[in-house]
Amino acid sequence: MTTQPPQQPGYPQPFPPQKKRSKAKLGCLGCGGILAAVIVIGGIGAAMGSGSGDSSSSAASSAASAGSSKATNSSKAAAPQQSTVDAFKAYVKEHESAKTREAATHVTKVQGADKNNDILDTADIYTDYTGDLTSADTGNAKLLASAFADFQAGRGKDSKNGLVTVYNADGDILSNGHY
């Protein structure tokens with residue numbers, strides 16, 4: 001009789017190697033990542049490229065005038081386009097109360113009034129007021145915010161989700177309102 005040596009405890013078999021992803025799946029994930037990066041970079045480029053709404057409209061008007069120079073040789077030169085702050089002040093002078101007209105004399109800059117997408121439209125009114133949220137200037141800032149809503153509606157640029165913010169000379173918020 002032959003005796004067999006005792007069996008040693010068996011070691012578990014190693015797992016079979018996992019199948020590697022096919023190149024098609026890796027390529028698809030790569031395309032998605034590239035597409036997302038292009039969208040993000042394009043959005044940043046569009047935001048930085050449209051820093052001033054006035055420059056794009058003046059570039060378009062200069063291109064149009066260059067194309068139709070034959071027709072406009074005998075006509076008068078086109079009047080320069082009015083800035084948003086001047087248009088706002090002119091609107092207030094013509095349509096608003098004396099107290100609002102006085103408040104509009106403190107406006108130094110208006111930004112974002114020409115860009116509407118009805119998702120979240122924002123406009124900023126900068127003033128030379130020195131008060132804060134608890135000062136008497138807050139009442140005048142509320143008048144300016146209300147007048148801006150009327151101004152935008154009069155221009156056909158009122159928004160479903162517009163927010164106008166009025167700032168003091170230091171860049172602190174005085175008031176805000178919907179337009």
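Q: Why does Lys 142 count as partly exposed?

A: In this predicted model, Lys 142 has a relative accessibility of 46%. Buried requires under 20% and exposed over 50%, so Lys 142, at 46%, counts as partly exposed.

Q: Where does Lys 142 lie, and which residues does Lys 142 touch beyond four places in sequence?

A: Lys 142 lies in helix H5. Leaving out residues up to four places away, Lys 142 touches Ser 175 and Asn 176. The C-alpha atoms of Lys 142 and Asn 176 are separated by 6.9 Å, although the two residues are 34 residues apart along the chain.

Q: What makes Ser 175 buried?

A: The relative accessible area of Ser 175 is 4%. The cut-off for buried is under 20%, and Ser 175 is therefore buried. Ser 175 has its place in strand E4, residues 173-178. Beyond four places in sequence, Ser 175 touches Thr 138, Ala 141 and Lys 142, and also Val 164, Thr 165 and Val 166.

Q: Why does Gly 177 count as buried?

A: Gly 177 has 14% relative accessibility. As buried means under 20%, Gly 177 counts as buried. Gly 177 is also in strand E4.

Q: How many residues along the chain lie between the positions of Gly 177 and Ala 145, as a separation, and what is their C-alpha distance?

A: Gly 177 and Ala 145 are 32 residues apart along the chain, and their C-alpha atoms are separated by 5.6 Å. Ala 145 is also among the contacts of Gly 177 when neighbours within four places are left aside; the others are Gly 162, Leu 163 and Val 164.

Q: What makes the pair Asp 114 and Arg 155 a salt bridge?

A: The side chains of Asp 114 and Arg 155 meet at 2.4 Å, N to O. The rule asks for a side-chain nitrogen of Lys or Arg within 4 Å of a carboxyl oxygen of Asp or Glu, so the pair at 2.4 Å qualifies as a salt bridge. By this rule the count comes to one salt bridge.

Q: Why can this pair be said to tie together parts that are apart in sequence?

A: Asp 114 lies in the loop between E1 and E2, whereas Arg 155 lies in the loop between H5 and E3, so the pair ties together parts 41 residues apart in sequence. Asp 114 has 33% relative accessibility and counts as partly exposed. Arg 155, at 32%, also counts as partly exposed.

Q: Why does Asn 116 count as partly exposed?

A: Asn 116 has 31% relative accessibility. Asn 116 is found in the loop between E1 and E2.

Q: Which residues does Asn 116 touch beyond four places in sequence?

A: Asn 116 touches Asp 121, Gln 152, Lys 157, Asp 158, Ser 159 and Tyr 179.

Q: Why are H3 and H5 called roughly perpendicular?

A: H3 and H5 pack at an angle of about 95°, and their axes are 10 Å apart. Angles of 65 to 115 degrees count as roughly perpendicular, so H3 and H5 are roughly perpendicular to each other.

Q: Which residues of H3 and H5 meet?

A: Thr 84, Ala 87, Phe 88, Tyr 91 and Val 92 in H3 meet Leu 144, Ala 147, Phe 148, Asp 150 and Phe 151 in H5. By class, this contact has eight nonpolar, one polar and one charged residues.

Q: Which residues touch the most other members of the largest nonpolar core?

A: Of its 24 residues, these are Phe 88, Val 107, Val 110, Ile 125, Leu 144, Phe 148 and Val 164. Helices H3, H4 and H5 and strands E1, E2 and E3 each supply at least two residues of this core. The largest share, seven residues, comes from H5. Beyond four places in sequence, Phe 88 touches Val 107, Val 110, Ile 125, Leu 144, Ala 147, Phe 148 and Phe 151.

Q: What is the order of elements in the chain?

A: From the N terminus on, the elements run α-α-α-α-β-β-α-β-β, which comes to five helices and four strands. Buried residues make up 23% of the 179 residues.

Technical notes:
Residues are numbered from 1 along each chain as its sequence is written. This is a predicted model: local features need pLDDT of at least 70, side-chain atom pairs count only at pLDDT 80 or more; totals for chains, interfaces and linings use all residues. Side-chain values use heavy atoms; hydrogens and water are left out. A nonpolar core is a set of buried Ala, Val, Leu, Ile, Met, Phe, Trp, Tyr and Cys residues joined through side-chain atoms within 4.5 Å. Buried means under 20% relative accessible area, exposed over 50%, partly exposed in between (1.4 Å probe, protein chains only). Contact means heavy atoms within 4.5 Å. Axes are lines fitted to C-alpha atoms, for helices over the stretch in contact, and angles run from 0 to 180 degrees between N-to-C directions. Angles under 35 degrees count as roughly parallel, over 145 as roughly antiparallel, 65 to 115 as roughly perpendicular and the rest as oblique. Ala, Val, Leu, Ile, Met, Phe, Trp, Tyr, Cys and Pro count as nonpolar, Asp, Glu, Lys and Arg as charged, and the others, Gly among them, as polar.
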